[in-house]
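I opened this entry to record what I looked up, going from the sheet to the core and then to the aromatic rings.

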Amino acid sequence: MVGGHLNTVVLSGGGSTTLTAANSGATCIFDTAAASTFVLPAPELGMRFTFIQTIINTADHVIQAATNDHGFLGGVTMTNTTADQTDTFSTATDGNNDFITLNATTTGGAAAGSRIEVVAILDSSAAKCWAVTGNLIISGAGATPFGDAQI
């Protein structure tokens with residue numbers, strides 16, 4: 001690639017993948033139908049990760065903060081494959097939601113192409129560390145992909 005920067009790609013491959021600060025800027029691919037989790041590193045201001053689903057999952061695909069103290073702010077837009085409708089869901093306003101789950105139907109991942117981006121907006125162990133945006137493909141009645149994990 002001439003005159004540009006090629007970001008890295010991290011494949012989920014099933015199971016759990018823990019990202020590091022060195023992975024910042026990576027495109028993280030959910031590339032298997034099996035349950036897969038990407039765990040974010042401790043936030044450093046400006047870190048950025050993009051998550052893309054390339055296959056319909058048969059078990060949950062999850063993006064998880066490193067600890068209960070590193071929560072998300074923001075929201076996602078959902079497009080339905082089985083009805084002519086869209087929906088939106090936002091994180092809890094207190095910033096304490098610390099995981100995002102794509103269940104292949106109502107919370108995202110119903111078709112390849114669901115995409116989420118997270119950016120570190122705080123570099124401390126506090127709620128509201130990660131800003132999240134995304135476009136998720138769903139089927140059925142949409143439901144929030146955001147929740148509080150038991151880490």
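I count two strands as paired if DSSP finds at least two bridges between them, and I take helices (H or I, at least four residues) and strands (E, at least two) as DSSP runs numbered from the N terminus. The model is predicted, so I noted that local features need pLDDT of at least 70 and side-chain atom pairs count only at pLDDT 80 or more, while totals for chains, interfaces and linings use all residues. Residues are numbered from 1 along each chain as its sequence is written, and side-chain values use heavy atoms, with hydrogens and water left out.

I found an open sheet of five strands in the order 2-4-6-9-12, with mixed pairing. Strand 2 (15-18) and strand 12 (146-147) are the edges, and each has a single partner strand, so one side of each is left without a neighbour in the sheet. Inside this order I looked up strand 4 (residues 36-39) and strand 6 (residues 61-64), which run parallel and are joined by four bridges; Val39 has Gln64 of strand 6 as its bridge partner.

**Strand 11.** I then turned to the pairing of strand 11, which runs parallel to strand 7 with seven bridges between them, Thr79 having Ile137 as its bridge partner. Strand 10 pairs with strand 11 in the antiparallel sense over six bridges, and there Ala120 stands opposite Trp130. In a regular strand the side chains alternate between the two faces of the sheet. In strand 11 I listed Trp130, Val132, Gly134, Leu136 and Ile138 on the covered face, and Ala131, Thr133, Asn135 and Ile137 on the uncovered one.

**Core.** For a nonpolar core I use buried Ala, Val, Leu, Ile, Met, Phe, Trp, Tyr and Cys residues joined through side-chain atoms within 4.5 Å, where buried means under 20% relative accessible area, exposed over 50% and partly exposed in between (1.4 Å probe, protein chains only). The largest such core has 25 residues, of which Leu40, Phe49, Phe51, Ile116, Val118 and Trp130 touch the most other members. Among the elements that give two or more residues to this core are strand 5 (48-53) and strand 10 (115-120), and the largest share, four residues, comes from strand 11.

**Aromatic rings.** Rings of Phe, Tyr and Trp (its six-membered ring) pair if their centres lie within 6.5 Å, with planes under 30 degrees apart counted as stacked, over 60 as edge-to-face and the rest as tilted. By this rule I have four aromatic pairs; one of them, Phe30 with Phe38, is edge-to-face at 5.1 Å centre to centre and 70 degrees between the planes.
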